[in-house]
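Hi,

Here is the model I promised to pass on. Have a look at it first, and my notes follow below.

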Amino acid sequence: MKDKLKLGLFGYGIVGQGLHDVLNSNNGLRAEIVKICVKDKSKKRRIPMDYFTYDKNDLLNDPKINLIVELIDDADEAYSIVTTAMKHGKDVVTANKKMVAEHLQELVELQEETQTSFLYEASTCGSIPIIRNLEEYYDNELLYSVRGIFNGSSNFILSKMFNDGNEYADVLKEAQELGFAETDPSLDVDGIDAKYKLVIITLHAYGLFIDPDAVFTLGISKISKYDINYAREKGFKIKLVPTVTKLNDTDIGMFVLPRFISSGKYLYNVDYEYNGVVAEAAFSDKQFFYGKGAGGHPTGSAVLSDISACTYDYKYEYKKKNQHSVRRYSTDMLVEIYLRYYQKYDIEDIKFQSVSEYYYGNNHNYLIGVINLKDLISIQEKLKTRDIFIVNTGRKFD
Ligand code: HSE
């Protein structure tokens with residue numbers, strides 16, 4: 001149990017300021033920001049300038065500071081800050097999903113070596129406490145699958161297009177202005193941000209370290225009015241739904257793809273910047289978590305919860321990793337997809353196991369059929385360059 005947390009904060013952007021507000025309105029927590037390290041010397045700040053430094057060592061080498069809170073955009077710099085902090089015996093709280101997902105195994109090992117706390121609830125689904133729940137509540141549960149809406153910006157764009165009839169480019173700009181989107185918004189719309197979050201969730205749900213590059217990922221940037229019309233006619237919405245699922249006793253499969261969602265489903269009403277997570281398990285059955293996935297205060301609240309956990313030396317135990325029940329990530333998995341395309345040559349190398357529906361029109365064409373994910377992975381880079389749109393139908397098939 002720590003007497004008082006002395007915080008060194010990296011970054012004072014949307015989340016950093018959100019955290020500051022959240023901290024200021026909290027009376028019970030024994031935590032105080034000692035210093036804030038920022039990059040931009042010209043930016044006007046809303047608190048006294050003597051809080052700020054531009055030299056990371058002022059925080060990392062300060063023996064008074066016992067907790068580093070890392071909320072910057074640059075994943076490489078974040079990695080350097082976080083690893084140095086742990087090596088200096090400081091606890092770390094971070095919201096940087098790219099940095100966490102890309103170095104997960106090494107960071108977990110470093111945390112074990114240095115006996116520090118390394119917490120990252122805010123990296124995954126903003127205000128939804130999904131990591132802590134997977135760690136503590138589902139620690140002995142047989143999880144069949146975890147899926148959901150993990151990216152607020154792409155969900156904001158899809159909701160505005162579906163519910164309000166807005167154009168893709170306009171709503172992307174709006175998501176950027178509202179501060180949900182990444183500095184490089186292709187991370188949001190191409191599913192990469194969601195993939196990082198899926199990789200983090202997978203470690204806590206199944207105990208496996210997955211290389212993000214090995215996860216099949218296609219986002220929403222190629223969506224067209226034809227896809228929206230198709231979904232609407234059938235009573236569906238289209239959502240970007242990262243999924244990890246048990247394939248058998250020892251293997252899991254995972255991917256990031258848009259998915260058709262019918263009106264009875266939990267994710268149907270998860271709109272705008274909200275996130276939702278559906279966990280399916282043997283005993284607890286289906287459970288649904290819902291909350292704001294982006295923005296300063298919601299993300300700040302998750303950071304606050306991790307800071308609070310550091311006061312009692314909370315650490316993730318990675319219980320599923322130590323149970324060794326799931327042993328392999330397999331890409332050999334059948335998925336039913338809707339594939340919209342314009343040019344026949346764009347789909348000639350896509351191998352379907354079976355096709356149940358096809359449409360050839362004047363303006364566009366589509367197919368519905370079953371594919372093996374490993375066949376799609378083998379042409380993933382080529383698929384990204386084509387004007388096609390793929391949606392997981394979510395249907396069970398024989
Ligand atoms: N760009 C991210 C999103 C921010 O839209 O969900 C929160 O991780």
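How much area is buried between domain 1 and domain 2? About 2,400 Å², and carbon and sulfur atoms give 66% of that. Buried area here is the accessible area (1.4 Å probe) that two parts lose on being put together, summed over both. K97, I128 and K320 supply 26% of what domain 1 buries against domain 2, more than any other three residues.

Before the rest, some housekeeping. This is a predicted model, where local features need pLDDT of at least 70 and side-chain atom pairs count only at pLDDT 80 or more, while totals for chains, interfaces and linings use all residues. Residues are numbered from 1 along each chain as its sequence is written, and side-chain values use heavy atoms, with hydrogens and water left out.

Back to the domains. Domain 1 covers 5-131 + 296-323, and domain 2 covers 136-291 + 326-392; the bounds come from an automatic or database domain assignment. Their centres, taken over C-alpha atoms, are 29 Å apart. Contact (heavy atoms within 4.5 Å) links 25 residues of domain 1 with 30 residues of domain 2. Across this interface there are 4 salt bridges, by the rule that a side-chain nitrogen of Lys or Arg lies within 4 Å of a carboxyl oxygen of Asp or Glu. K319 and E136 also have side chains that meet in a salt bridge, at 3.1 Å from N to O.

Helices (H or I, at least four residues) and strands (E, at least two) are DSSP runs, numbered from the N terminus. Two strands pair if DSSP finds at least two bridges between them. On that basis, 6 strands make an open sheet with parallel pairing, in the order 3-2-1-4-5-6. Strand 3 (52-53) and strand 6 (118-119) are the edges, each pairing on one side only. Strand 5 (residues 91-94) is joined to strand 6 by 2 bridges in the parallel sense, and V93 has L119 as its bridge partner in strand 6. Helix 12 (residues 296-311) lies across strands 1, 2, 4, 5 and 6, and runs at about 165° to strand 5. For that angle, axes are lines fitted to C-alpha atoms (for helices over the stretch in contact), and angles run from 0 to 180 degrees between N-to-C directions.

L67 counts as buried because its relative accessibility is 0%; buried means under 20% relative accessible area, exposed over 50%, and partly exposed in between (1.4 Å probe, protein chains only). Leaving aside neighbours within four places in sequence, the contacts of L67 include L5, L7, V93, I307 and C310.

Q115 and Y272 each have a positive phi of about 55° without being glycines. Q115 sits in the loop between helix 5 (104-114) and strand 6 and is exposed, at 57%. Y272 is in the loop between strand 10 (251-262) and strand 11 (274-281), and is partly exposed at 25%.

Last, strand 17 (residues 389-392). Both its faces are covered: F389 and V391 on one side, I390 and N392 on the other, are all buried. Strand 17 runs antiparallel to strand 14 (residues 334-341), with 4 bridges joining them, and R340 stands opposite F389.

Cheers
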